[in-house]
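Let's learn to read a protein model together. Please keep the sequence and the 3D view open as we talk.

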Amino acid sequence: MKYQIGDKVLILHSDEEGIIVDFINDKMVMVDVRGVKFPVYLDQIDFPYFKNFTQKKKQPQAPPRKFVDDLKKEKQVPEKQEDGVWLNFLPVSDTDEFGDEVVELLKVHLVNNTRTPYQFKYALGFFGDPEFELKNTVQPFQSFYIHDVPFEDMSDSPSFEFEFSLVQPNKQKATHFETSVKIKPKQLFAKIEELRQKNLATFSYKLFDTYPDKAPEADPMEVSLSKLGEKFKVYNAKEARKHLEPARSVVDLHIEKLTDNAARMDNFEMLTLQLDTFEKFYNLAVAHMQPMLTIIHGVGTGRLRDEIHDALRLKKEVSYFVNQYHPSYGYGATEIHFKY
């Protein structure tokens with residue numbers, strides 16, 4: 001092997017020097033440049049000796065005399081651009097007995113490209129069952145290595161769950177924020193193939209752009225016609241409200257609360273009824289401008305909870321939602337906080 005761990009190398013495309021800290025496979029290494037670690041291909045690095053030799057060979061010339069008025073202003077170092085918090089995957093490959101490159105595992109990193117440090121709780125689950133959990137802090141503009149996931153496990157419906165909170169609490173910001181990434185096998189294979197075609201090392205999923213604000217206190221009886229107009233066809237405000245069913249602050253989706261014929265229904269029919277009921281009372285909560293709504297979905301296998309969370313991530317009225325321990329519902333309820 002041309003290189004060894006600890007070798008100083010030159011990054012060709014940026015002309016920066018770094019140190020090899022790990023070997024990913026026979027084509028890639030992990031380098032450390034001033035405290036920042038990232039993967040590079042072997043053909044993108046070289047030993048810095050040639051560069052240093054050629055620089056030393058140049059005969060120094062006496063600098064021309066300069067006057068105060070001729071001095072250039074010091075260049076401003078550009079600020080790092082924020083683009084959110086990401087979940088990053090680095091595929092690690094090996095060559096099988098037939099000479100084909102096969103992905104063995106995925107190295108999982110949490111990448112914080114913001115100026116704010118965050119505390120986070122991480123959980124990896126398969127088919128709704130927790131497999132690995134971690135609590136830690138990720139600093140601004142830093143990459144935090146979480147763990148390795150065997151590639152063969154990625155076909156078991158993995159769910160990468162996160163709960164973020166601020167290291168320095170802010171009264172204007174939410175106390176915590178939940179989000180997750182679910183990767184289907186077909187999507188994963190497409191990502192791997194895209195990396196090979198574009199000669200890239202990693203692929204990522206954005207967890208959030210900016211940490212959410214605290215949900216504003218809203219008068220539940222105050223209805224905004226402009227907001228109602230986005231969901232309903234409004235002719236007359238007073239007449240429209242007469243036909244709106246009263247909203248609820250808590251909705252119980254246990255099947256026995258919704259129908260007396262649960263024994264005659266299969267799992268798909270029960271799930272459909274539960275999701276339809278959720279959508280109904282979600283829309284009523286938005287129409288009545290409720291500040292929050294609690295959905296009781298129970299624990300079970302987690303299928304109903306996951307379906308509701310997937311739907312909430314696509315709804316623009318949601319500021320954030322939380323599934324945490326509640327003295328009345330345990331972990332079987334999700335609190336939804338709205339923004340208007």
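Q: What should I know before I start?
A: This is a predicted model, where local features need pLDDT of at least 70, side-chain atom pairs count only at pLDDT 80 or more, and totals for chains, interfaces and linings use all residues. Residues are numbered from 1 along each chain as its sequence is written, and side-chain values use heavy atoms, with hydrogens and water left out.

Q: How many residues does the largest nonpolar core have?
A: In soluble globular proteins, nonpolar side chains tend to be buried together. A nonpolar core is a set of buried Ala, Val, Leu, Ile, Met, Phe, Trp, Tyr and Cys residues joined through side-chain atoms within 4.5 Å. Buried means under 20% relative accessible area, with a 1.4 Å probe and protein chains only. Here the largest core has 36 residues, and Phe89, Leu110 and Phe160 are among those with the most contacts inside it. Its largest share, 5 residues, comes from strand β8 (residues 118-126); strands are DSSP E runs of at least two residues, and helices are H or I runs of at least four, numbered from the N terminus. Apart from this core lies another, of 18 residues, including Val251 and Ile308.

Q: Where is Val108 placed, and is Val108 buried or exposed?
A: Val108 sits in strand β7 (residues 101-113) and is buried, with a relative accessible area of 0%. Contact means heavy atoms within 4.5 Å. Leaving aside neighbours within four places in sequence, Val108 is in contact with residues including Leu87, Phe89 and Tyr145. The C-alpha atoms of Val108 and Leu87 are separated by 7.3 Å, although these residues are 21 apart along the chain.

Q: Which residues of helix α7 are buried?
A: An α-helix has 3.6 residues a turn, so residues three or four places apart point the same way. In α7 (residues 303-312), the buried ones are Leu304, Asp306, Ile308, His309 and Leu312. They pack against several elements, including α6 (267-287) and β17.

Q: At roughly what angle do the axes of α6 and α7 cross?
A: Axes are lines fitted to C-alpha atoms, for helices over the stretch in contact, and angles run from 0 to 180 degrees between N-to-C directions. The axes of α6 and α7 come within 11 Å and cross at roughly 40 degrees. That makes α6 oblique to α7, since angles under 35 degrees count as roughly parallel, over 145 as roughly antiparallel, 65 to 115 as roughly perpendicular and the rest as oblique. Among the residues making the contact are Leu271 and Phe278 of α6, and Leu304 and Ile308 of α7.

Definitions and conventions
Buried < 20%, exposed > 50% of the residue type's maximum accessible area, 1.4 Å probe, protein only.
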